[in-house]
Amino acid sequence: MQLSGNWGRRMSKGVLYGVGTGPGDPELLTIKAVRTIESCPVIAAPQTADGVMVALDIVRGAVDLTGKTVIPVRFSMTRDAERRAAEHASLVRELVAHLDAVRDVALLNLGDPSIYATFQRIAPDVRARGFEARAIPGVPSFCAVAAALERDLTPEMSSPLHIVPGGYDDVRRAIGWPGTKVVMKARRSLADTKRFLSEEGAFDGAELVEDCGLPGERVYRSLDDVPDRGSYFSTMVVR
């Protein structure tokens with residue numbers, strides 16, 4: 001891969017790039033993300049159990065992937081630590097095989113690769129094997145969610161902003177914190193979360209967006225309107 005500045009040095013080994021694809025709209029891919037993906041012969045992208053590859057579909061809206069090798073990244077939702085470790089190790093081995101053959105790899109991550117991203121779980125092991133791993137920032141999903149809701153996440157310069165995983169216990173711990181709370185993957189325990197927010201008097205200050213930037217995007221101004229079943233890619237904003 002040959003880019004200007006610090007990117008111009010040709011490596012004797014392949015480089016792993018953790019590329020943020022943004023939340024869903026291909027137009028939110030950065031120029032650097034597009035250039036990186038175009039220059040990498042190998043693309044690794046998350047794949048769901050039913051074969052859907054959301055990040056790859058986003059990229060296809062902006063980059064011609066003809067001729068590139070695509071590696072499906074499959075992680076089960078199991079709580080079995082040994083199985084998760086085995087899946088992790090298998091992916092590292094597959095990526096390293098390409099890097100060792102001097103093939104750069106773009107590992108796609110929804111949003112930004114520094115926020116709950118596969119890249120940050122993989123990068124230390126790749127580096128430990130003597131290869132470079134670089135992050136290419138992307139537009140975080142919660143920023144696009146704020147735009148869809150037409151909301152200011154930090155209404156005062158002193159207002160804190162908290163990014164919270166979607167588990168019920170995580171939300172329960174965070175609800176008393178000052179400022180805005182962004183709940184990622186909010187569908188994980190939505191029923192319990194809605195009940196808790198109502199008990200704490202925070203229900204009316206919560207909104208939710210599903211599949212932000214994707215063709216099926218849905219914006220809910222009230223949690224009363226959110227159906228019990230919906231997309232895994234749901235982000236809640238609690239003010």
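Cys143 counts as partly exposed, at 37% relative accessibility (between the limits for buried, under 20% relative accessible area, and exposed, over 50%; 1.4 Å probe, protein chains only). Cys212, by contrast, counts as buried at 9%. The sulfur of Cys143 has its closest cysteine sulfur in Cys212, 10 Å away, too far for a bond. With a disulfide taken as a pair of cysteine sulfur atoms within 2.5 Å, the count is 0.

The model is predicted, and local features need pLDDT of at least 70, side-chain atom pairs pLDDT 80 or more, whereas totals for chains, interfaces and linings use all residues. Residues are numbered from 1 along each chain as its sequence is written, and side-chain values use heavy atoms, without hydrogens and water.

Helices α3 (residues 81–100) and α4 (residues 118–128) pack at an angle of about 65° with axes 10 Å apart (helices being DSSP runs of H or I, at least four residues, and strands of E, at least two; axes are lines fitted to C-alpha atoms over the stretch in contact, with angles from 0 to 180 degrees between N-to-C directions). In this contact (heavy atoms within 4.5 Å), His88, Leu91, Val92, Leu95 and Leu99 of α3 meet Thr118, Arg121, Ile122, Asp125 and Val126 of α4.

Thr118, Phe119, Ile122, Ala123 and Val126 are the buried residues of α4. These residues fall within an arc of 115° seen down the axis of α4, so they line one face of the helix (the arc being that of directions from the axis to the C-beta atoms). They pack against β1 (15–20), α3, β4 (105–109) and β5 (132–136). Gly130, with a positive phi near 95°, follows α4.
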